[in-house]
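Reader: I am new to reading protein models. Could we go through this one together, step by step?
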Amino acid sequence: MADQLQRKLLPFLARPDRYLLRFEPDFEAAAFRGNVKIECRILQATNLLVLHSKYLDVNEAFVVYQDKRLSCQSIGYDEDDETVKLTFEKQLLAEEVISLEISYTGKFENNFEGLYQTEYTTEDGETHKVAATALEPTYARQALPCFDEPHLKAKFVVSAVVDASFEAFSNMPASGTEALSESKKLVVFEETPVMSTYLLAFMAGHLAQVRSQDSRVPISVICQRGREDDAGFSVDLASKGLRFFEDLFGSPYPLPKLDLAAVPECAAGGQENWGLIMFKEMNVLLDCNDSALDRKRVVVETVLHEIAHMWFGNLVTMEVWDGLWLKEGFATLMCWIAVENFFPDWHIWDRYVAVTLQTALGLDSLRSSHPVERFVPDPKKVKQMYDEISYQKGCCVLKMVSSEFGVEKFVQGVKLYIQRYQFGCTRSEDLWTVLEEVLQAPIRERMDIWTKKVGFPRIQVLEEIAPNQNGEDRLVALRLIQSRFSGEVAEEQDNQIYPVRVTIRFSTGEKSFDMVEEQTVIPVPTGSRWAKVNANHDGFFVTGYTSAHLNKLLEAAVNSELTVRDCIGLSCDLKRLVVAGINKTSDLLDLIHHFRVVESYLVWETIDSHLRALGEAFKFKSPALEFAIQKLAAELFGDMAISKGWDISEGDDTSVLFKTMLFSNAGLAGNESVISAARDMFERRVGGDEQAIPPSLRWEVFGIVVAHGGSEEVEHVLNIWLTSTNEDEKYLALECLGRTRNPNLIQRVLGLAFTGQVGPEDLFIMLWLIGSHANGAIEIWEWAKQNWKKLIDSVPSTLRSDTIKLVFQGLNTSQQIADVRSFFASQDTSEFDVMLARKLEEMEGTRRWAERDAIDVLEWFKKHGYAGDQE
């Protein structure tokens with residue numbers, strides 16, 4: 001009852017047990033008809049029933065109650081609560097079971113939500129319409145009147161009236177098909193297990209189906225006709241992935257089939273509907289012989305993440321949206337575990353430190369961050385919870401538990417959690433209870449701090465020195481001091497102490513301990529020359545060192561005494577301390593200079609990330625700084641690129657990724673040898689040789705020729721977007737149009753929006769790179785202000801927040817930030833207010849960094865020969 005007073009929940013009047021649902025799409029009218037019969041149990045005497053409904057018109061409603069039909073006397077809509085209220089002439093008594101039947105109509109909204117229409121065009125020019133659903137998190141109410149809250153689970157029997165030539169799919173296999181006329185048929189699907197409304201799924205159209213030949217249950221990829229050859233990789237991966245998770249969790253997948261649907265024009269990367277997972281086409285279809293390795297990685301991670309949801313989210317569901325992290329954090333971690341199993345040479349845990357951990361730390365260092373488990377009073381706001389905290393920090397919290405107690409013990413707890421709560425709903429407390437039983441350790445109190453509090457600690461490491469027997473100074477102990485890490489934080493939050501498991505790697509071995517107080521002193525083993533705190537970066541915190549201590553660790557890295565994860569984490573921690581003003585940027589540049597001899601792809605990718613952040617922060621300060629950063633990047637990446645070469649026909653996946661990353665950065669920074677090679681490949685591609693550019697070098701080549709070219713190069717890359725039959729090549733070309741730095745050409749690219757040449761679901765990709773350089777950041781913001789209504793109206797609400805941030809996040813001067821604040825002060829920002837607050841805080845942090853360290857950076861560049869005497 002307290003939840004109902006504090007949250008916007010449906011009144012406690014009825015609970016659904018079973019839905020009998022029929023869809024009838026009408027493409028000519030851009031609408032659909034629906035009929036739903038809901039078997040409910042009345043919870044308290046009432047003559048009123050309230051359901052969720054949005055954009056739907058109820059034509060008729062009645063209940064069958066005590067063998068009598070009671071018609072609805074009045075139908076009322078509450079647009080703010082997204083509900084429909086049905087009033088009946090007679091009281092419905094508590095504990096009675098009723099059947100509520102509603103006939104309704106809806107329109108296909110142009111928002112890729114609810115039940116919507118999309119289309120694809122085959123190579124012969126024929127256009128085919130497709131009906132599909134997208135119901136997560138709260139869009140089921142746009143497809144049918146329903147009890148659209150995750151804890152109100154029910155069974156579903158779906159049926160649909162579709163064109164006789166259509167294939168139709170839902171969560172369960174079809175149980176029967178009936179011809180209604182020469183042009184229409186009725187398809188009825190088997191009953192689902194109990195599940196939440198957001199997991200309901202339906203798709204129909206002229207579609208192909210590629211089936212697995214090696215799976216316990218039927219597995220297939222559903223796609224547009226003509227793309228069958230691109231479905232084989234994901235069919236095979238899904239078959240292996242499902243079997244892997246069944247074995248890992250000790251729990252058979254409970255449905256009789258699993259389909260992976262490639263949906264033309266889909267806003268979400270993947271949606272874990274039980275038995276019928278929906279994907280953006282590029283996240284599930286893959287031409288293995290003609291796609292970049294990065295694209296393969298995206299497909300692998302997306303498919304495995306969504307299959308993990310079959311247990312986390314589907315079989316066991318969060319009770320309220322506060323617990324979103326329970327499914328997203330788990331699916332993220334389980335995906336990494338599966339990737340490690342199938343692709344060990346990808347070194348996924350190194351990448352976890354470089355990407356997942358850093359993404360989570362970055363957002364959680366902001367004052368505008370939120371706890372992993374956050375109270376959600378209004379479900380309409382839950383979409384903004386699908387962020388780096390729910391996914392990445394949620395994953396990191398679970399990874400800390402797994403690392404501390406061991407993967408085997410952790411998985412035992414996961415198995416018991418699934419067994420105990422299958423087909424039910426949980427809160428975070430249920431997970432901690434189960435894990436405490438298995439781990440035999442009191443973790444709930446510690447984990448509550450990590451999930452219900454914002455932020456993480458900075459652990460400052462101080463060295464305690466004492467003379468040895470010969471009178472020489474030696475390191476005898478480390479004093480560790482923790483405090484809340486943040487650039488600016490409210491004073492009352494500064495005293496938060498985080499319970500941290502700290503593992504220290506000494507040159508002589510490792511030692512782990514629990515840090516539960518503000519300070520602790522750790523003895524250093526005799527003979528140890530250095531100490532690396534947070535070995536392998538399993539802990540969710542950053543570490544700061546004195547200059548002398550940092551230099552020892554840099555030498556250890558150069559001498560290959562640190563692991564790759566230690567090198568990545570050490571550099572990322574330092575960069576975070578630099579941005580916060582705790583360390584100088586010259587410290588980070590020194591680290592980059594040391595790490596240039598470390599032979600690791602991910603270490604170099606981290607160097608790339610740091611230099612890009614440096615370039616974006618200081619891009620408005622002076623031409624001298626911009627030139628110096630480019631010169632350093634050209635030297636670093638150019639030398640290594642030429643050393644490694646860019647023949648990617650041989651070598652493992654990591655070698656390919658290393659070479660392509662070096663090639664891209666060297667070329668963008670101005671290395672003439674790389675630029676020449678890129679232009680040669682590009683000219684041959686434009687001349688008609690579609691194999692001139694290796695698939696894994698397309699993004700790199702397109703980006704280099706656009707960055708260093710003019711209108712001719714931009715038009716050629718645009719033509720590839722418009723005409724290429726290779727989806728991977730098309731989207732890489734679209735993204736790389738943003739590399740041009742010419743203001744007129746930037747406007748040419750921006751002019752593609754709203755013309756039909758770039759669809760609203762693809763606008764995000766086109767805008768992705770534009771704001772990364774000074775001219776682009778200025779041009780895209782002015783364009784956005786002038787076209788604001790078109791931008792808001794055309795971009796699907798699911799993608800709106802992510803798209804809008806691209807138009808202003810590249811700005812960081814005081815005047816620019818003031819302009820952004822002024823503009824949004826007069827706009828309705830309720831859909832993206834969380835994102836807006838974060839981005840403004842990040843921009844202010846970048847501004848302070850650039851203002852504080854501009855002289856320090858320029859002096860470092862002068863000292864090392866990358867800048868002259870004039871600014």
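Author: Gladly! Let us begin with a term: a cavity is a set of grid points where a 1.4 Å probe fits but cannot get out, and its lining residues have an atom within 4 Å of a point. Please keep in mind that this is a predicted model.

Reader: How many cavities of 30 Å³ or more does a search of the whole structure find?
Author: The search covers the whole structure and keeps cavities of 30 Å³ or more. With that cut-off, the number found is four.

Reader: Which residues line the largest cavity, and what is its volume?
Author: The lining includes Arg7 and Leu9, together with Glu149, Pro150 and His151. Glu319, Val320 and Trp321 also line this cavity, as do Val376, Pro377, Asp378 and Pro379. The volume of the largest cavity is about 90 Å³.

Reader: What classes of residue make the contact of α14 with α26?
Author: From α14 come Ala624, Leu625, Ala628, Ile629 and Leu632, and they meet Ala854, Val857, Leu858, Trp860 and Phe861 of α26. No polar and no charged residues take part in this contact, and its ten residues are nonpolar.

Reader: Is the crossing of α16 and α18 left-handed or right-handed?
Author: Helix α16 (residues 672–686) and helix α18 (residues 711–723) have axes that come within 11 Å and cross at roughly 55 degrees. The two helices are therefore oblique to each other. As for the hand of the crossing of α16 and α18, it is left-handed.

Reader: How many charged residues are in the contact of α16 with α18?
Author: Phe682, Arg685 and Val686 of α16 make the contact with Glu713, His716, Val717 and Ile720 of α18. Four of these residues are nonpolar and one is polar, while the number of charged residues is two.

Reader: Why do α17 and α19 count as roughly parallel, and what is the hand of their crossing?
Author: Helix α17 (residues 698–707) and helix α19 (residues 727–736) pack at an angle of about 30 degrees, with axes 9 Å apart. Angles under 35 degrees count as roughly parallel, so that is the label for α17 and α19. The crossing of α17 past α19 is right-handed.

Reader: What is the phi of Tyr55?
Author: Most residues other than glycine have a negative phi. Tyr55 sits in the loop between β3 (46–52) and β4 (56–65). Although Tyr55 is not a glycine, its phi is positive, at about 65 degrees.

Technical notes
Residues are numbered from 1 along each chain as its sequence is written. This is a predicted model: local features need pLDDT of at least 70, side-chain atom pairs count only at pLDDT 80 or more; totals for chains, interfaces and linings use all residues. Side-chain values use heavy atoms; hydrogens and water are left out. On a 1 Å grid over the protein atoms alone, a cavity is a set of points where a 1.4 Å probe fits but cannot get out, and a pocket is an open set with protein on both sides within 12 Å along at least five of seven lines; lining residues have an atom within 4 Å of a point. Grid points are joined across faces, edges and corners, and a volume is the space filled by probe spheres set on the points. Contact means heavy atoms within 4.5 Å. Helices (H or I, at least four residues) and strands (E, at least two) are DSSP runs, numbered from the N terminus. Ala, Val, Leu, Ile, Met, Phe, Trp, Tyr, Cys and Pro count as nonpolar, Asp, Glu, Lys and Arg as charged, and the others, Gly among them, as polar. Axes are lines fitted to C-alpha atoms, for helices over the stretch in contact, and angles run from 0 to 180 degrees between N-to-C directions. Angles under 35 degrees count as roughly parallel, over 145 as roughly antiparallel, 65 to 115 as roughly perpendicular and the rest as oblique. A crossing is left-handed if the near helix is turned anticlockwise from the far one by less than a right angle, and right-handed if clockwise.
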